[in-house]
Amino acid sequence: MRVRLFWKLSLTYLLLLFLVLVAVDLYAARLLRRDYLRAGFEQLESLAQLARTHPPEGKDPAALRAWSAWMAGSGARVTVVGADGRVWADSHQDPQGMENHADRPEIQQALAAGQGQALRFSKTLEREMLYLAFRTTPAAGEPLLIRLALPLAPIDAALNEIRWRLATASFLLLLLGAGGSLLFSRGF
């Protein structure tokens with residue numbers, strides 16, 4: 001009878017501790033991901049401010065490629081898109097081989113409201129990306145859309161590192177809890 005009560009108390013305590021640790025892990029991961037995404041979008045917004053102060057001149061393909069390469073020095077992917085969705089320049093791909101971008105959510109938002117953002121999978125680069133697009137009108141010509149993008153992989157890698165550390169700490173706490181549970185149950 002005493003042995004059965006001992007195991008019931010110990011296992012109940014360990015189960016509760018395990019559930020609390022899992023809840024903390026899930027909450028912390030969600031909170032950290034949200035903060036990392038916010039920081040990514042803030043970085044894109046800073047780059048957008050730079051692009052607004054030094055916008056591309058006209059639609060000359062060579063000048064747009066040079067401007068995109070200059071902006072890409074920040075580590076972001078830079079795409080210049082016409083109002084019709086046609087890609088004029090891209091810092092990572094040949095625009096001739098790229099499909100029309102009129103259906104991209106960030107492009108549609110930028111056309112409608114002046115600026116748009118999205119977190120989605122890139123068909124071109126085959127990975128998840130953070131996107132920020134805004135509309136600009138060069139001195140001569142129709143509006144252009146500048147789209148800036150950052151890969152989500154570094155954010156996910158940092159989050160996985162933190163989750164691994166949190167899981168290790170949780171496991172150690174669970175072991176300490178098991179020891180405490182054994183001592184408490186024996187004393188009880």
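A: Gladly! Keep in mind that this is a predicted model. Let's begin with a hairpin: β1 and β2 form one, with 4 residues between them. In its turn, glycine 85 has a positive phi of about 95 degrees.

Q: How do β1 and β2 pair, and over how many bridges?

A: β1 pairs with β2 (residues 87-90) in the antiparallel sense, over 3 bridges. To find one of these places, look at valine 80, whose bridge partner in β2 is alanine 89.

Q: What about β1 and β5: in which sense do they pair?

A: Strand β5 spans residues 144-151, and its pairing with β1 is antiparallel, over 6 bridges. Here you can look for glycine 82, which stands opposite leucine 144 of β5.

Q: Are the two faces of β1 buried or exposed?

A: Start with the general idea: in a regular strand, side chains alternate between the two faces of the sheet. In this case, Arg77, Thr79 and Val81 lie on one side, Val78, Val80 and Gly82 lie on the other, and all are buried. Counted along the strand (residues 77-82), that is 6 of 6 residues buried.

Q: Now let me try a single residue. Where does serine 122 lie, and is serine 122 buried or exposed?

A: Serine 122 belongs to strand β3 (residues 115-122). Buried means under 20% relative accessible area; serine 122 has 2%, so it counts as buried.

Q: Which residues is serine 122 in contact with, leaving aside its neighbours within four places in sequence?

A: They are Arg77, Arg127, Met129 and Tyr131. With tyrosine 131, there is a polar contact between the two side chains, at 3.4 Å.

Note on methods
Residues are numbered from 1 along each chain as its sequence is written. This is a predicted model: local features need pLDDT of at least 70, side-chain atom pairs count only at pLDDT 80 or more; totals for chains, interfaces and linings use all residues. Side-chain values use heavy atoms; hydrogens and water are left out. Buried means under 20% relative accessible area, exposed over 50%, partly exposed in between (1.4 Å probe, protein chains only). Two strands pair if DSSP finds at least two bridges between them. A polar contact is a pair of N or O atoms within 3.5 Å; within protein, one must be able to donate a hydrogen and the other to accept it, and residues adjacent in sequence count only if both atoms are side-chain atoms. Contact means heavy atoms within 4.5 Å.
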